[in-house]
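Hello,

Here is the structure we talked about handing over. My notes on it follow below.

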Amino acid sequence: MHLSGRTPVGLRETQFQIAGRNIQYRLGGEHSKFLGRPVGFQLMSGDSSIDEYIELGKKVLMSKLAPWQRLDALKTFVFSSTVFAMRTWQFKKTTWTKLDDALKPHIKKTLYLPSRAANGYLYGSTRAGSCGIPLAAEDSDLFLIDTAFKLLNSPDVDTRDIAREDCRLVVAKRRQEEEEEVTPEHVCSYLSKAELPGRSSTIQTIWSRARDASGRMETTWTADGENVSITCGDKTLKAAARRIVARTIRNHHRQLRDARLHTLRDQGKAMCVVSQEKASSHFMREGEYTTFADWRFIHRARLNLLPLNGATRRPNTNKNCRRCAWQIETLPHVMCHCMTYSDAYRRRHNALVDRIKTAALGRHWKVTAENQRVPRADSVLKPDLVIEKDNELLIIDVTCPFENTEAAFTEARTEKEMKYADLAAEMRALPRYNRVTVHAFIVGPLGSYDPHNERLMKRLASKKYLATFRKLCVSDAIRWSRMRYIEHITGARQYE
């Protein structure tokens, strides 16, 4: 290519030769590929490659794989294939947005969610119970920041010096100063999207793109001696942390989406509780202990999007419960309060009790009482389980309060502990027991596992089995809640 700075600035039709033989030259808009990246001057970014990514994503999401396998394949194969194009800035952010917009309805269809479902559930963090789907438009920005950070802090001296000199030249031209006058603080101020005089009409560079991306991602740069540091949210990353820059920025913005989802009055209450324990969403990646019917039910249920009378948005419609005529048919009412077809409540409760008993027997605990009055006690209370071992007595009661924010679990636990406080005091008076404690075991009907259960379960189960135990309890709660919901809607028993 023959690039001329004279007006008009651009490429000239100059013929090059090697050993007397003409070689092909490029004009404006034409390109050659170097290490997989189109190289040229004034390249026009077409949508053909983006269309290929879109088509690939649609094929995965419309395949015959299990729904959780589709999401895993989308993250593992489709979005990972876009990373190189993002790092070499082959497309603008608006172009990557087309990929997100095209795949979003198919992702919601895979989750059996309506279009009005909160997007934060798709793009939030998996630790908080969301799907953890990458946002291509966001990733295109964070990979630009990551690439610029790695170049300026490269352990290779030659690469680092070339990058810093090139960045200073760009900053000097933008600040209308001499290169020698540009300090590391000026470079960081430029990359942090600080206000600069005048407007720039020069061609884009990796530094100008990283500057724009830093502004959009709310990321700031600071001088750290000869190196540079980067701050996103409450975390500051220095040169030694160069390998986790992209991950840190992505996690920060996912956490922001989680926080916004939890503040939603309708769709965020249950997710606020689900996010407390990672096991509550163990099925999102591999679908362990989860049926296809459970998968179709749980996502809509957690976002309160099930078609119930109380959830309809149409005016002048009957909102009464279709079974017991309660004044409003809400999801908490169906899951925990409507007594028609209430046998599913008992079965859900007993499934959790059986899980605890199996774990306790495996560690040689003896069952003293199960859903009956405690021997040698005057109290008429009937805890779900009373077990003993080595002169120690545990009083355990299982409950499934609806996930109406974290306060619901706290109130349920406090209520159970107060209920059995007198019984525990009575048993402590017996010389047989050195220690008597009361434990409330809580799992929400939508599969929210209470982290406070660990105080009890660490006594009853090994560390290896405890991970499986949590998953089994979550899946049991979801399965029986689904059956309860179907019975409520259809008016027909779903089991023998």
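R435 is partly exposed, because its relative accessibility is 46%. Please keep in mind that this is a predicted model.

R435 forms a salt bridge with E392, at 3.7 Å from N to O. This pair links distant parts of the chain: E392 belongs to strand 12 (residues 392-399) and R435 to strand 13 (residues 435-442), 43 residues apart. E392 has a relative accessibility of 10% and therefore counts as buried.

E392 also meets the side chain of R459 in a salt bridge, with an N to O distance of 2.5 Å. Since E392 is in strand 12 and R459 is in helix 18 (residues 454-460), the pair ties together parts that are 67 residues apart in sequence. R459 is partly exposed, as its relative accessible area is 29%.

Other salt bridges

How many salt bridges does a search of the whole structure find? The search gives 25.

Another salt bridge is formed by D343 and R346, whose closest N and O atoms are 2.4 Å apart. The two residues are separated by about one helical turn, because they are three residues apart in helix 15 (residues 343-362). D343 counts as buried, because its relative accessibility of 18% is under the 20% cut-off. R346, at 45% relative accessibility, counts as partly exposed.

Two packed helices are described by the angle between their axes and the distance between the axes. For helix 6 (residues 136-152) and helix 9 (residues 206-216), the angle is about 125° and the axes are 8 Å apart. That angle makes helix 6 oblique to helix 9. Their crossing is left-handed.

C131 sits in the loop between helix 5 (120-123) and helix 6. Is C131 buried or exposed? With a relative accessible area of 4%, C131 is buried. The C-alpha atom of C131 is 30 Å from that of D354, and the two residues are 223 residues apart along the chain.

Surface patch

M1, F34, L35 and V39 make up a nonpolar patch on the surface, and together they have about 440 Å² of accessible area. One of these residues, L35, is in the loop between strand 5 (31-34) and strand 6 (37-40). L35 counts as exposed because its relative accessibility is 68%.

Regards

Technical notes:
Residues numbered from 1 in each chain as written. Predicted model: local features only at pLDDT ≥ 70, side-chain atom pairs only at ≥ 80, totals over all residues. Heavy atoms only, no water. Patch = residues over 30% accessible without salt bridge, like charges linked within 9 Å, V, L, I, M, F, W, Y side chains within 5 Å. Areas by Shrake-Rupley, 256 points an atom, 1.4 Å probe, with all protein chains shown as cover. Salt bridge = Lys/Arg side-chain N within 4 Å of Asp/Glu carboxyl O. Helix = DSSP H or I, 4+ residues; strand = E, 2+ residues; numbered from the N terminus. Buried < 20%, exposed > 50% of the residue type's maximum accessible area, 1.4 Å probe, protein only. Axes fitted to C-alpha atoms, helices over the stretch in contact; angles between N-to-C directions. Parallel < 35°, antiparallel > 145°, perpendicular 65-115°, else oblique. Left-handed = near helix turned anticlockwise from the far one by under 90°.
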